[in-house]
Amino acid sequence: QGPRSAGESPRRALEALRADDPAFSEIAFEDFLYALYAQAHEARGAHTLDRLSPYLSAEARATLGASPIELREVRQVVVGGLTLVGASGLEQGSDRVRVAARFESNYTEVSVVGAAQTYWAVEVWNLSRSRTARSRPPAGLRALTCPSCGAPLDGIRDGRCSYCHKAVDTGEFDWMASTTQSRSEEHTS
C-alpha cells in the first residue's frame, strides 16, 4: 500500500510511529531489515527458514524456500540498496502498520553438487506489525531473537517460544514479512 498522503515519503510517514513507540528509529528499522534479509537468505540455503517464523510468515517462507535447484548454501548476501516504497496504517485507530521495502542485493547460491552461482536480485517485501508493538533497543536488532522475551530462535517451535510460551509468529511483537516478491534475478557470474 502507498504512503499516508500523496507525496509523503514512506520514511517520513513512519515518523508517526513515534507517537505510540518513542523508541522507533527509521535508521534502526532499516538496520533490522538488512539483517532480516541477509539471515533469511542464509536460512534459505541452510533449509532453516522455519527458525525465522517470528519474522517471516508461512507464505513468505514458502516463497523464499522455493528454488529450481536443490541448495546446499546461500552465502555472501550483500544488500546494495534498500528503499521503503510504501507505508500505511499510521493513522490513529489503525491496529496494524504496514511497510513495503524494496531490496537490491547480490548473493551466491551453492547447489548440492557444489556449483556456485552469483545473482543480482530485486525483491519487494511487505511487512507489518501491531501498532502497539514496541521497538527493541538498536544494539539488539541484528541478533534476531524471540521478539517477546529475547530468547534464542532455536527455542521457537511451530511459531511458539519454548522459553516464554507465547505465540510469536503473529507480528504482535515485532515486524513480520507477510509476503516477499522477486522482481528480477540475474546471473552475475
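Because the model is predicted, local features were considered only at pLDDT of at least 70 and side-chain atom pairs only at pLDDT 80 or more, whereas totals for chains, interfaces and linings use all residues. Residues are numbered from 1 along each chain as its sequence is written, and side-chain values use heavy atoms, with hydrogens and water left out.

Strands are DSSP runs of E with at least two residues, numbered from the N terminus, and two strands are taken to pair if DSSP finds at least two bridges between them. Strand 2 (residues 96-111) runs antiparallel to strand 3 and is joined to strand 3 by 15 bridges, with Ala 101 having Trp 125 of strand 3 as its bridge partner. These two strands form a hairpin with 4 residues between them, and in the turn Gly 114 has a positive phi of about 95 degrees. Strand 3 also pairs with strand 6 (residues 176-187), in the antiparallel sense and over 10 bridges; here Ala 121 stands opposite Glu 185. Of the 15 residues of strand 3 (residues 116-130), 12 are buried, so this strand is largely enclosed by the rest of the structure, where buried means under 20% relative accessible area, exposed over 50% and partly exposed in between (1.4 Å probe, protein chains only).

A search of the whole structure for disulfides, defined as pairs of cysteine sulfur atoms within 2.5 Å, finds 0. Cys 161 is in no disulfide, the nearest cysteine sulfur being that of Cys 146, 3.7 Å away; Cys 161 is buried, with a relative accessible area of 1%. The sulfur of Cys 164 has its closest cysteine sulfur in Cys 161, at 3.8 Å, which is too far for a bond.
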